[in-house]
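Reader: Before I plan anything around this protein, I would like to go through its structure with you, one question at a time.

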Amino acid sequence: MKESTTTFDESADGFVPSPPGLYPAHVIAAESREYSGSKVFNFTFKVADEVSKIMVPKMIADGNGWYKASEETISGKFLAGRKFFSKGIWFTPNPASDEKWRNRNYKTFCENLGVVFEKSKDDNNVILLCEIEESDVLGFPCLVKVAENSYEKNGETVRNMKVSSVFTWNDGTALSPDELTSDVPF
């Protein structure tokens, strides 16, 4: 082997896993697909630079192929720019009258992103849900709750971090179309 002065310190130089938490972010993509008469929406969020103002737990290996929070906290700056995908958000365009509850998560998720649905002209308590498109939410600011997600695939448990819910980011500002494409490396 050739000698080198290059060093590697796992505590300082290794991969820094994302801890569960609530982070400022922006919608950078939204897509949907149809399934059995309903639509499932999947969103991609990019953590905003404002995360550097937050202290988060430092994650350490748990000995079982995953991570756990240590007692040490570190700046959330390393999370800025990380992308997280949402769990699927279902929209049922024509639910049976006894299944209208199916759209509650869709309504809440969209409203927390900043989507404003119109109220019925006949009944102010009734909200007219529309099917959103990517252009309706692209660049919107929100607070994302990132949590561990696990599922079985080919007999093995797969774990990742996903956005489980979103909340209104009152101080956040929407990204312009230029800002959405500014991270292209060329």
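Reader: How many bridges join strand β3 to strand β4, and which way do the two strands run?

Author: This is a predicted model, and in it β3 covers residues 55-61 while β4 covers residues 67-75. The two strands form a hairpin with 5 residues between them, and in that turn G63 has a positive phi of about 85°. Within the pairing, M59 stands opposite A69 in β4. The strands run antiparallel, and the number of bridges joining them is 6.

Reader: Is E71 buried or exposed?

Author: E71 is found in strand β4, and its C-alpha atom is separated by 7.4 Å from that of K58, a residue 13 positions away along the chain. Since a residue counts as exposed when its relative accessible area is over 50%, the value of 83% for E71 makes this residue exposed.

Reader: Which residues touch the most other members of the largest nonpolar core?

Author: In soluble globular proteins, nonpolar side chains tend to be buried together. The largest such core here has 29 residues, and those that touch the most other members are F43, F45, L113 and V144. The elements that give two or more residues to this core are β1 (21-35), β2 (38-47), β6 (89-91), α2 (104-113), β9 (141-153) and β10 (156-167). For V144, leaving aside residues up to four places away in sequence, the contacts include F45, V163 and V166.

Reader: Why do the buried residues of α2 lie on the same side of the helix?

Author: The buried residues of α2 are Y106, F109, C110, N112 and L113. They lie on the same side because the arc they cover around the axis is only 160°.

Reader: Which elements are included in what covers those buried residues of α2?

Author: Just after α2, G114 takes a positive phi of about 115°, whereas the buried residues of the helix itself are covered by elements including α3 (134-137). The strands in that cover include β1, β2, β6, β9 and β10.

Reader: Which residue forms a salt bridge with K39?

Author: The structure holds 4 salt bridges, one of them between the side chains of E148 and R159, at 3.8 Å from N to O. For K39, the closest N and O atoms are 3.0 Å apart, and the partner is E131. That pair links distant parts of the chain, 92 residues apart, with K39 in strand β2 and its partner in the loop between β8 (127-128) and α3.

Key: Residues numbered from 1 in each chain as written. Predicted model: local features only at pLDDT ≥ 70, side-chain atom pairs only at ≥ 80, totals over all residues. Heavy atoms only, no water. Pairing = 2+ DSSP bridges. Helix = DSSP H or I, 4+ residues; strand = E, 2+ residues; numbered from the N terminus. Core = buried A, V, L, I, M, F, W, Y, C linked by side-chain atoms within 4.5 Å. Buried < 20%, exposed > 50% of the residue type's maximum accessible area, 1.4 Å probe, protein only. Contact = heavy atoms within 4.5 Å. Arc of directions from axis to C-beta.
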